[in-house]
Amino acid sequence: MSKIVILTGAGISAESGLGTFRDENGLWAQHRIEDVATPEGFARNPDLVHSFYNARRHQSSAAQPNAAHMALAQLQAQHPGEVVIVTQNVDGLHEKGGASNVWHMHGILDGALCAACSHRWHAAEDMHRGTLCPSCQMPAARPDIVWFGEMPYDMEQIYAQLAGADLFASIGTSSQVYPAAAFVHEAQAAGAHTVELNLEPSSMVSSFAETRFGPATVIVPRWVNEVIGQP
Ligand code: APR
């Protein structure tokens, strides 16, 4: 009945055609973080920010879950204990792949947040500087994405999940962004076995008890089969 907590990053969606951030030609090689992923950048040039996230929203809604997403949904369905997915990703591919109990700590692309009253709502269509908040009617809608310098969502609940973990897996993340990068230490402190699954060693590789390297669509289904005892 062991409890499994899984952290995912952009690498799990790379084979679904969604760019990662820090790989060669990644999003941060093409766009300045200061311009498109900070509240200051949004204040300076909301049109630039809206067009960046509108384009990502289109891509993400056209993307399909891959074998790694599906394998995690299968793990949730077949493992007798609880399986919690904490994702840094803002695409909906975990849910599209059949997963539930997914915590989007960095927000979600098909969501909007009001910069005036903090109201949050589902918004799958394009946003622009005039988009109104349905609650306060101010033209203050922004993508519901946690930007640099902002507090990720649901941190109290996420730390509570980590504190109860027996097995912690980190999948497809470079482990360069905090607080997610330190989750392995939280899980270790709770006595969990820790495993990193990634294309290459992450910045936190030495903190993991076990590591597996390769494309997520290959190594994640293999790992899930082992956990659920399937050949
Ligand atoms: N399979 C497995 N891992 C992969 C694959 C793949 N097919 N392709 C790339 N990777 C790995 C890379 O080796 C890299 O370590 O995925 C990782 C992606 O790292 P980043 O681009 O840094 O993305 P991530 O760790 O999710 O970024 C964290 O930073 O920019 C912010 O808020 C943003 O949520 C994001 C956070």
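This report covers the domains of a predicted model and the site of its ligand.

Domain 1 puts 18 residues into the contact, and domain 2 puts in 17 residues.

## Ligand position

Where does the ligand lie relative to domain 1 and domain 2? Both domains give residues to the shell around the ligand, so the ligand lies between them. The space it takes is the largest pocket.

## The shell

The ligand is surrounded by 23 residues. Phe21, Arg22, Trp28, Thr173 and Ser174 are the closest. By class, the shell holds 9 nonpolar, 10 polar and 4 charged residues.

## Polar contacts and burial

Thr173 places a polar side-chain atom 2.6 Å from a ligand oxygen. For Trp28, a polar side-chain atom lies 2.8 Å from an oxygen atom of the ligand. Ala10 uses its backbone instead: an N or O atom there lies 2.8 Å from a ligand oxygen.

How much of the ligand's exposed area does the protein bury? Alone, the ligand exposes 740 Å². The protein buries 94% of that.

Technical notes. Residues numbered from 1 in each chain as written. Predicted model: local features only at pLDDT ≥ 70, side-chain atom pairs only at ≥ 80, totals over all residues. Heavy atoms only, no water. Near = heavy atom within 4 Å. Polar contact = N/O pair within 3.5 Å; in protein donor to acceptor, adjacent residues only side chain to side chain. Areas by Shrake-Rupley, 256 points an atom, 1.4 Å probe, with all protein chains shown as cover. 1 Å grid on protein atoms, 1.4 Å probe; cavity = no way out; pocket = protein on both sides within 12 Å on 5 of 7 lines; lining within 4 Å. Sits in = over half its atoms within 2 Å of the grid points. Nonpolar A, V, L, I, M, F, W, Y, C, P; charged D, E, K, R; others polar. Domains from an automatic or database assignment. Contact = heavy atoms within 4.5 Å.
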